[in-house]
Amino acid sequence: MTTRRIGIIMQGVTGRMGLNQHLVRSIVAIRKEGGVALADGGRLLPDPILVGRDEARLRAIADAHGIERISTDLDECLANESDTVYFDATLTTTRAAFVRRAVAAGKHVYCEKPLATTTGEALELLQLARGGGVKHGVVQDKLFLPGIRKLRRLVDSGFFGRILSVRGEFGYWVFEGDWQPAQRPSWNYRSEEGGGIIVDMFAHWRYLLDHTFGDVLAVQCLGVTHIPERIDERGRRYAATADDAAYATFVLRGARGGGAFDVVAQFNSSWAVRVYRDELLQIQVDGTLGSAVAGLRGCRAQHRVNTPRPVWNPDVPNPFDFYADWQDVPDNAEFDNAFKVEWEMFLRHVATGEPFAHDFLEGAKGVQLAELALQSWKERRWLDVPPLEVQGLGATESRTRTHDADRHPAAMR
């Protein structure tokens with residue numbers, strides 16, 4: 001059995017997500033296991049170099065996790081031909097510029113979402129990557145969560161019959177920063193710095209809906225800044241200029257789950273909500289033959305033969321234990337960290353050409369949905385979500401089509 005090295009330039013690992021999920025729970029974990037298993041029996045061993053501005057922080061992280069190489073010179077790293085992959089988990093507002101530099105240096109690129117700040121910019125990066133002949137990918141981690149994988153198993157099995165609706169609840173209370181420190185950095189609440197829950201989360205909802213239920217056809221969204229003033233990391237008050245909650249309805253093409261009927265999806269996303277559910281993300285799917293509720297790790301289902309027959313009567317105590325009629329969907333497999341799973345897929349894609357669906361075009365779709373949601377909020381109307389047209393090595397964005405305000409979107413049947 002042979003072990004092959006693959007050099008990875010990792011930028012943004014001093015941030016929470018870059019450090020915890022991408023470095024420690026993905027790359028470091030893969031290294032401890034002896035590398036990514038390949039189809040030929042060999043192994044692919046990541047050799048990361050950590051890049052950033054703060055040399056002391058980089059060295060502390062590297063020493064804590066057995067990593068030898070760090071650098072504060074990105075250009076020098078990009079010039080090293082033995083490191084073939086560039087990973088970016090920097091701020092949204094800086095990501096596109098770093099990706100351009102990496103592609104120009106001939107690196108394969110894997111990055112956090114959102115890919116860019118605008119759909120046009122995301123499509124430009126797609127064009128550059130294709131023209132440069134480099135492999136490219138965007139993090140779409142929620143597809144690989146145990147609860148979502150179980151939910152997809154139910155969809156693929158036809159358990160739901162014809163899917164009618166999807167309802168998602170996401171979020172938690174992020175402290176304002178006065179009497180308890182905030183759990184999220186202050187830039188998340190400044191639109192001028194790329195903050196906002198729509199920009200952050202709608203890229204997730206796009207790939208989750210597209211890949212699990214059907215293509216997103218239309219969107220209607222209301223954004224809100226519920227908490228207009230917060231306290232930053234230095235104890236200073238600042239105006240929150242970005243949305244901290246969004247209430248959206250989507251129409252999906254009903255290609256999965258039986259029939260051509262379109263599906264309604266509703267998602268509430270909020271950093272100003274107190275959690276009264278099993279997990280921070282919960283998705284309920286209802287169909288003609290059954291329903292399911294999925295979280296990050298668990299999934300429970302109710303078939304139509306197990307569905308109770310309640311009758312509205314507020315004058316007597318509720319006689320039903322509605323939770324009792326739902327059954328756990330078994331694991332039937334070992335579920336690894338979602339970020340690690342996708343990292344392994346991308347590294348195999350780079351090394352062996354194994355197919356990888358989560359490319360820059362998928363990333364551009366996430367940016368597109370966020371842009372349309374923001375436009376819908378501003379203009380208070382439904383918007384169609386047109387296909388992103390890619391021609392040759394170029395890419396052009398279709399003009400947005402809108403619905404009249406007085407009729408239902410996407411020709412609901």
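**Entry 1: the sheet around β12**

In which sense do β12 and strand β13 pair, and over how many bridges? I looked this up before anything else. β12 and β13 (residues 263-270) pair in the antiparallel sense, and I count eight bridges. One of the bridges joins A248 to F267 in β13. I note that the model is predicted.

I then looked for the partner of β12 in strand β9 (residues 216-224). β9 and β12 are antiparallel too, over eight bridges. Within this pairing, L222 has Y247 of β12 as its bridge partner. For β12 itself (residues 245-252) I checked burial, and seven of its eight residues are buried.

**Entry 2: the whole sheet**

I traced the strand order next. The sheet is open, has nine strands and runs β17-β16-β15-β14-β8-β13-β12-β9-β18, with mixed pairing. β17 (327-328) and β18 (383-384) are the edge strands; each has a single partner strand, so one side of each has no neighbour in the sheet. As a reminder to myself, strands of a sheet pair through backbone hydrogen bonds, either parallel or antiparallel.

At the β17 end I followed the pairs one by one. Strand β15 (residues 290-294) and strand β16 (residues 299-303) are antiparallel over five bridges. The two form a hairpin, with four residues between them. β16 pairs in turn with β17, in the antiparallel sense and over two bridges. There, the bridge partner of A301 is Q327 in β17.

**Entry 3: aromatic rings**

I searched the whole structure for aromatic pairs and got 15. One of them is F175 with W179, an edge-to-face pair with 5.6 Å from centre to centre and 85° between the planes. I checked the accessibility of W179: the value is 61%, so W179 counts as exposed.

Another pair is W205 with F267. The ring centres are 4.8 Å apart and the planes stand at 40°, so I logged this pair as tilted. W205 lies in helix α7 (residues 197-212) and F267 in strand β13, so the pair ties together parts that are 62 residues apart in sequence. Buried or exposed, I asked of W205? W205 is buried, at a relative accessible area of 0%. F267 is also buried, and its relative accessible area is 0%. F267 is the residue already noted as the bridge partner of A248.

W205 and F267 belong to one aromatic cluster, together with F170, Y172, F202 and F250.

**Entry 4: charges over rings**

I looked up two arginines. The charged end of R190 sits over the ring of Y238, and its distance from the ring centre is 4.1 Å. For R230 the ring is that of Y189, and the charged end sits over it at 4.1 Å from the centre.

**Entry 5: E193**

Where does E193 sit? I found E193 in the loop between β8 (163-171) and α7. Its relative accessibility is 32%, so E193 counts as partly exposed. Leaving out residues up to four places away in sequence, E193 touches T93 and W187. I also took the C-alpha distance from E193 to L91, which is 8.5 Å, although the two are 102 residues apart along the chain.

**Entry 6: helix α5**

I took helix α5 (residues 119-132) as a check on helix geometry. The helix has 14 residues and reaches 20 Å from its first C-alpha to its last, close to the 20 Å expected at 1.5 Å a residue. Which residues of α5 are buried? The buried ones are T119, E121, A122, L123, L125, L126 and A129. In general, an α-helix has 3.6 residues a turn, so residues three or four places apart point the same way. Just after α5, G133 has a positive phi of about 70°.

**Entry 7: confidence**

Last, I looked at the confidence values. The mean pLDDT of the protein is 92, and 93% of its residues reach 70 or more. Residues 393-413 stay under 50. For this stretch the model has 51 contacts beyond four places in sequence.

Technical notes:
Residues are numbered from 1 along each chain as its sequence is written. This is a predicted model: local features need pLDDT of at least 70, side-chain atom pairs count only at pLDDT 80 or more; totals for chains, interfaces and linings use all residues. Side-chain values use heavy atoms; hydrogens and water are left out. The expected span of a helix is 1.5 Å times one less than its number of residues. Buried means under 20% relative accessible area, exposed over 50%, partly exposed in between (1.4 Å probe, protein chains only). pLDDT is the predictor's confidence in each residue, from 0 to 100. Contact means heavy atoms within 4.5 Å. Two strands pair if DSSP finds at least two bridges between them. Rings of Phe, Tyr and Trp (its six-membered ring) pair if their centres lie within 6.5 Å; planes under 30 degrees apart count as stacked, over 60 as edge-to-face and the rest as tilted. A charge sits over a ring if NZ of Lys or CZ of Arg is within 6 Å of the ring centre and within 35 degrees of the ring normal.
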